[in-house]
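Subject: Structure for you to look at

Hello,

Here is the structure I promised to hand over. Please open it first, then read the notes below it.

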Amino acid sequence: DLDLRPNSDYLKLPGSYLFSTIAKKVNAYQQANPDKKIIRLGIGDVTQPLCPAVIEALHKAVDEQAVAETFRGYAPDLGYDFLRHAMAENDFRSRGCDIADDEIFISDGAKSDSGNIQEIFSQDAKIAVCDPVYPVYVDSNVMAGRTGDYDESTGIWSNVIYMPCTAENGFAPELPKETPDLIYLCFPNNPTGSAITKDQLQVWVDYANKVGAVIIFDAAYEAYISEDNVPHSIYECEGARTCAIELRSFSKNAGFTGLRLGATIIPHDLTVDFEGKKVQMHSLWARRHGTKYNGAPYIVQRAGEACYSDAGKAQIKDMVARYMKNANYILNGLKDAGYDVSGGVISPYVWLRTPDNMTSWEFFDHLLEKANVVGTPGSGFGPSGEHYFRLTAFGSYENSVEALERIKKL
Ligand code: PLP
């Protein structure tokens, strides 16, 4: 049938996903050098096991599934009330953010939500992203046919507004010259490890309200914040209820990368004009969940609830502190070795400038071959990531120390 064709927007995506390319290179090196011990500080996966409070909740929920009286089948599309309530109380209302339980949509994580959220906006919505950026925001808009044409030589899409985040602006985006419809922000940031203050985020909220844009705020790394003036949620800013959607994840705070749990928050006040009416984006996302999503598993939502118990909170804090000990070690070790580094203070990511003006991929090969350490080339996150490199604190302390020993010897 000649009418059947692949979705050609998918065919516009350049190369393979960044982490597949890295995995291929690492595997090839390991095969050629089977005796070398490679330390992986590249991919953003966690390594510590789930905490006891979560394991206990999982066991209990599993046992409930074995008994007719407590068995649960399809979960409510938008999430179980117990989890929506626990999140609303602990992540929002206890911080003074006015968020109702029913404004929280439970999901299987921030990757799917950050990729899917664009669907509820029009095809001609223009997106603005930080550069460098978590690749999912851009790629999901490429798949949706929103980004125009790709220029191989610059790595730039013709219909995307890029907001460079480099050492020159302290890795904080500036308001774009051209007005966007959708603005993706993520703080603490992946990959640069930078953050912005509440006053700085307020500028974005005021701007979005003024121009009628919607901010998609990715708070996946909020558990790593230790400074008082850095907001954990965009709803700490005044006026965010009318312009901001927030994404939450249980991956990096509680180690749910394999278990899978997250949430999207859409306040009822967030409306977009259409044919003289104000359309609540909350309704559209609810409709999408109802049609395309069956909800996170019951046992996983119970595990998520356990993160908000006193024991769960303390255990998670301890996990985060362990990763931050690694981050601190990596950051200071690199500084001592003369590298130009940032991030790593309220973020598990350390961002460094490659030495001797090497490209990000040249430094990747150099580090893999000479130190057997794997990191992530900054250029994989966007054109302004070129000549930068990301190391993560998600390994063990021993591996972080050994990796730094090797890097110092280079
Ligand atoms: N958002 C950002 C900025 C991330 O870096 C990641 C994972 O690395 C995610 C979202 C995905 O989180 P999840 O595991 O909840 O899908």
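Where does E103 lie? E103 sits in the loop between α4 (81-92) and β2 (104-107); helices (H or I, at least four residues) and strands (E, at least two) are DSSP runs, numbered from the N terminus.

Two notes on the source come before the rest. This is a predicted model, in which local features need pLDDT of at least 70 and side-chain atom pairs count only at pLDDT 80 or more, while totals for chains, interfaces and linings use all residues. Residues are numbered from 1 along each chain as its sequence is written, and side-chain values use heavy atoms, with hydrogens and water left out.

Single residues

E103 counts as buried because its relative accessibility is 2%. Buried means under 20% relative accessible area, exposed over 50%, and partly exposed in between (1.4 Å probe, protein chains only). The side chains of E103 and R241 are joined by a polar contact of 2.8 Å. A polar contact is a pair of N or O atoms within 3.5 Å; within protein, one must be able to donate a hydrogen and the other to accept it, and residues adjacent in sequence count only if both atoms are side-chain atoms.

Y224 is in the loop between β8 (214-218) and β9 (244-249), and at 2% relative accessibility Y224 counts as buried. Y224 and G344 are 120 residues apart in sequence, yet their C-alpha atoms are 9.5 Å apart in space.

Two residues other than glycine have a positive phi: R260, near 80°, and D356, near 55°. R260 lies in the loop between α8 and β10 (262-265) and is partly exposed, at 28% relative accessibility. D356 lies in the loop between β14 (349-353) and α12 (360-371) and is exposed, at 72%.

The peptide bond from D131 to P132 is cis, with omega near 10°, and P132 is in the loop between β3 and α6. The bond from F187 to P188 is also cis, with omega near -5°, and P188 is in the loop between β7 and α7 (198-211).

The ligand

Of the 14 residues around the ligand, N190, D218, Y221, S249 and S251 come nearest; a residue is near a molecule if one of its heavy atoms lies within 4 Å of it. Taken alone the ligand exposes 400 Å², and the protein buries 91% of that (Shrake-Rupley method, 1.4 Å probe; for residues, only the protein chains shown count as cover).

The largest pocket holds about 890 Å³ of space. Of the 35 residues that line the largest pocket, P14, P135, D139, Y150 and G380 are closest to its centre. Helix α6 gives the most to this lining, with 6 residues. The largest cavity holds about 30 Å³, and strand β7 (residues 182-186) gives the largest share of its lining, 3 residues. On a 1 Å grid over the protein atoms alone, a cavity is a set of points where a 1.4 Å probe fits but cannot get out, and a pocket is an open set with protein on both sides within 12 Å along at least five of seven lines; lining residues have an atom within 4 Å of a point. Grid points are joined across faces, edges and corners, and a volume is the space filled by probe spheres set on the points.

Regards
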